[in-house]
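I opened the notebook to look up side-chain contacts.

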Amino acid sequence: MLFNSLEFAYFFPLVVLFFFGIPHRFRWMLLLAASYYFYMCWKPEYALLLMLSTGISYGTGILMGRTEVKARRKAYLITSLVGNLGILFWFKYADFVNESFRATFQHFNIFYGVPVFHIILPVGISFFVFQSLSYSFDVYRGQRESEKHLGIFALYVAFFPQLVAGPIERSTRLLPQFFQKQNFDYQRVTDGLKLMLWGLFKKVVIADRLAVVVDHVYSNPAGQSGSALLIATYFFAFQIYCDFSGYSDMAIGGAKIMGFDLMKNFNRPYASLSVAEFWRRWHISLSTWFKDYLYFPLGGNRVAKSRWYANVFAVFLVSGLWHGANWTYVIWGALHGFYLVFALASENIRAKAASLLNMEKFPTFHKTIRIFITFHLVLLAWVFFRADSLSDAIYILTHIFADFSQPLGSLDLGMSSQGLILSLMVILFMEAVHLVQGRQGSVISALSRKPVVIRWAVYLFLTLSVLNLRVEYQAPFIYFQF
């Protein structure tokens with residue numbers, strides 16, 4: 001069930017209506033049933049994996065809560081890690097590892113008799129496994145007590161607004177909220193609806209529109225000119241942002257309507273002054289998950305400089321693997337790891353260069369240059385993220401600045417010139433909103449200070465745009481595949 005589907009338009013209001021219409025003590029049952037129904041709409045069998053991950057983390061959490069012996073607590077944590085990551089590995093990486101072995105054996109002309117598994121990847125498995133694991137880590141570290149209420153814990157793992165694409169919540173933040181009584185609050189409900197509308201606009205008006213061009217060009221890069229490859233690559237940067245941040249806005253807004261506070265997942269990432277800042281603004285719930293549960297346990301920056309650089313690189317390499325079982329994702333993660341390590345190693349040199357150039361006298365120009373460079377470093381990595389194979393990615397990067405002779409109207413982009421102009425207009429509109437957001441904080445709070453005529457004009461524009469500017473081509477949410 002997609003957030004931008006007619007089924008969800010019926011499902012969500014009914015859940016909210018019943019949620020506020022029944023006593024608080026029964027609400028967790030409603031939300032748990034709704035969450036499992038929501039997930040089973042993709043494939044009923046997927047619920048078994050959700051139950052298995054829940055059972056492993058719940059059981060090991062109970063056992064950790066019953067002992068103070070560190071060795072036993074560590075053994076239970078490892079059990080949770082092996083169980084949850086075993087589920088993730090089998091469904092997400094077994095085929096990848098098997099085919100990598102096959103290719104290696106064939107290269108050396110060695111017989112490899114293991115058949116292809118053809119395993120179907122369950123929707124959102126990386127998200128609910130990581131959310132489940134965060135609870136195990138939190139209990140092991142003593143940051144929260146083990147949860148005794150199995151139903152509430154199952155709801156924490158399966159909460160439908162953020163189940164299949166995050167934000168990846170922490171048990172210390174979300175679990176306590178299910179025990180609190182949530183009263184109907186008009187302001188909170190309207191704020192949630194506005195956020196959902198904004199997210200829906202980004203998804204169906206911008207992301208799906210850009211997907212027409214991106215999918216058309218990237219499906220056959222060898223048949224495209226450099227101009228088409230360049231346009232599609234820029235479009236993908238905005239497509240993936242609007243697609244994923246749009247989902248996050250709808251998830252956060254939907255939860256807000258019912259009184260639950262989910263963590264912010266995006267904060268104008270393309271306005272970042274560095275790649276490090278980009279990762280403090282992009283997919284915040286995942287980047288902080290890796291920082292808390294992988295980077296710090298590896299030693300973080302409290303080790304020798306060479307080890308520190310290795311820790312940074314390792315985290316981004318794992319991040320690439322988290323995104324998908326494909327060498328393109330590994331290269332994407334490795335590129336970001338290289339960016340970060342290079343930035344750390346060259347920090348003093350870059351500071352001296354900026355001083356010699358008197359950049360402090362031109363702060364706006366310096367900031368603009370840094371944003372431009374950061375965006376294009378991210379853009380370069382996006383080519384590997386989006387390409388269907390390493391060979392496609394290399395072809396795109398080696399041909400993206402070739403053959404600019406064709407006029408825009410004759411490019412094979414899968415979209416008319418008028419459609420391209422409209423695509424640029426909606427991107428510019430979004431960036432104008434981001435500019436307001438950067439100056440005044442939340443767009444919703446900024447709008448609330450405007451006259452009622454302006455507020456309702458914006459709401460009407462967004463609603464009419466969703467209804468009339470959406471394209472027939474409905475691309476699936478990109479992060480559902482992870």
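I searched the whole structure, a predicted model, for aromatic pairs and got 68. I took two of them for a closer look.

**Entry: F159 and F260.** I read a centre distance of 5.3 Å and a plane angle of 75 degrees, so I logged F159 and F260 as edge-to-face. The pair joins distant parts of the chain, 101 residues apart. F159 sits in the loop between α6 (150-158) and α7 (171-174), and F260 in the loop between α9 (226-257) and α10 (275-281). I checked burial next: both F159 and F260 are buried.

**Entry: F236 and W382.** Here the ring centres are 5.9 Å apart and the planes stand at 85 degrees, so this pair is edge-to-face. F236 has 2% relative accessibility, so I noted it as buried. W382 is buried too, at a relative accessible area of 1%.

**Entry: charges over rings.** I looked for side chains sitting over a ring face. R27 lies over the face of F19, 4.6 Å from the ring centre.

**Entry: a surface patch.** Which residues form a nonpolar patch on the surface? I found F362, F365, I369, F372 and I373, with about 500 Å² of accessible area together. I picked out I369, which lies in helix α15. Its relative accessibility is 32%, so I369 counts as partly exposed.

**Entry: salt bridges.** How many salt bridges does the structure hold? My count is 12. I followed three of them.

K202 pairs with D249, the closest N and O atoms being 2.8 Å apart. K202 is in helix α8 (residues 186-218) and D249 in helix α9, so the bridge ties together parts 47 residues apart in sequence. Both K202 and D249 are buried.

R170 bridges to D292, with the closest N and O atoms 3.9 Å apart. The partners are 122 residues apart: R170 is in the loop between α6 and α7, D292 in helix α11 (residues 284-295). R170 is buried at 7% relative accessible area, while D292 is partly exposed at 22%.

E169 bridges to R173, and the closest N and O atoms are 3.0 Å apart. E169 is buried, with a relative accessible area of 0%. R173 is partly exposed, at 31%. Through shared partners, salt bridges join E169, R173 and D261 into one network.

How values were computed. Residues are numbered from 1 along each chain as its sequence is written. This is a predicted model: local features need pLDDT of at least 70, side-chain atom pairs count only at pLDDT 80 or more; totals for chains, interfaces and linings use all residues. Side-chain values use heavy atoms; hydrogens and water are left out. Rings of Phe, Tyr and Trp (its six-membered ring) pair if their centres lie within 6.5 Å; planes under 30 degrees apart count as stacked, over 60 as edge-to-face and the rest as tilted. Helices (H or I, at least four residues) and strands (E, at least two) are DSSP runs, numbered from the N terminus. Buried means under 20% relative accessible area, exposed over 50%, partly exposed in between (1.4 Å probe, protein chains only). A charge sits over a ring if NZ of Lys or CZ of Arg is within 6 Å of the ring centre and within 35 degrees of the ring normal. Patches are made of residues with over 30% relative accessible area and no salt bridge: like charges are joined within 9 Å, nonpolar side chains (Val, Leu, Ile, Met, Phe, Trp, Tyr) within 5 Å. Accessible areas come from the Shrake-Rupley method with a 1.4 Å probe; for residues, only the protein chains shown count as cover. A salt bridge is a side-chain nitrogen of Lys or Arg within 4 Å of a carboxyl oxygen of Asp or Glu.
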